[in-house]
Amino acid sequence: MAKMKGSRAAALLPLPEIVAERRDEMQAEMQRMIESMVPRSAVPLPAQVLQARRNAEARHELLQEFGAFKSADIGEAAGSKASNRGALAHRWKSDGRVFSVVHNGAAYFPGFQFTPDGKPLTVVGDLLAILANIRPGWELALWFTASNGWLGGKRPVDLLVTSPEAVLDAARHEAEELVF
């Protein structure tokens, strides 16, 4: 039997066919609504998703291993008596002595760049002078915690105190490799 349009056609169809037709119409309408609400964006390649996942894991591991301070925490650890304890960290950052990363919308200063009494390690400022313009934020932080061929596979972060000159050499090589 040919399908007719309208209520007369519905009356002529057996009930299971009417239900199936309505279900198909509702599913098609739902699909159109969903597609209209999904933002138009490029679908990432699997390799991009994998790299993003690895980067997220590396960030998490860095924070778990070394911790990070908010600016007020740094002022307190360094013994600042200022009413705005966060100002010290911001001054050190603008002076190029330390750097921060953004985590959950807030600026954090990775803990490995400070001495136990809350002062910046001198070598970090020297490294920032070499790397900060070519490796900003998280890229810079992860450079410190990744194994480095110029350091025999060791991580720069592990040699900041014991072999700062070797870490500086590795940073210089890194900077040379990225110059076009």
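This report describes surface, helix, sheet and salt-bridge features of a predicted model.

## Basis of the analysis

The model is predicted: local features need pLDDT of at least 70, side-chain atom pairs count only at pLDDT 80 or more, and totals for chains, interfaces and linings use all residues. Residues are numbered from 1 along each chain as its sequence is written, and side-chain values use heavy atoms, with hydrogens and water left out.

## Nonpolar surface patch

Met30, Met33, Ile34, Met37 and Val38 make a nonpolar surface patch of about 480 Å². Patches consist of residues with over 30% relative accessible area and no salt bridge; like charges are joined within 9 Å, and nonpolar side chains (Val, Leu, Ile, Met, Phe, Trp, Tyr) within 5 Å. Accessible areas come from the Shrake-Rupley method with a 1.4 Å probe, and for residues only the protein chains shown count as cover.

Ile34 lies in helix α2 (residues 15-37). Helices (H or I, at least four residues) and strands (E, at least two) are DSSP runs, numbered from the N terminus. Ile34 counts as partly exposed because its relative accessibility is 42%; buried means under 20% relative accessible area, exposed over 50%, and partly exposed in between (1.4 Å probe, protein chains only).

## A mostly covered helix

Helix α7 (residues 137-145) is mostly covered, with seven of its nine residues buried. The buried residues of α7 are Trp138, Leu140, Ala141, Leu142, Trp143, Phe144 and Thr145.

## The three-stranded sheet

Three strands form an open sheet in the order β1-β3-β2, with antiparallel pairing. Strands β1 (68-69) and β2 (101-103) are the edge strands, each pairing on one side only. Two strands pair if DSSP finds at least two bridges between them.

The antiparallel pairing of β1 with β3 (residues 106-110) extends over two bridges. Ala68 has Pro110 in β3 as its bridge partner.

## Salt bridges

The whole structure contains eight salt bridges, each defined as a side-chain nitrogen of Lys or Arg within 4 Å of a carboxyl oxygen of Asp or Glu. In helix α9 (residues 164-178), Arg172 and Asp169 are separated by about one helical turn because they are three residues apart. Their salt bridge has its closest N and O atoms 2.7 Å apart. Arg172 also meets Glu165 in a salt bridge (3.4 Å, N to O). Arg172 is partly exposed at 36% relative accessible area, as is Glu165 at 45% relative accessibility.

Arg155 and Asp158 meet through their side chains in a salt bridge (2.8 Å, N to O). Asp158 is partly exposed, at 44% relative accessibility.
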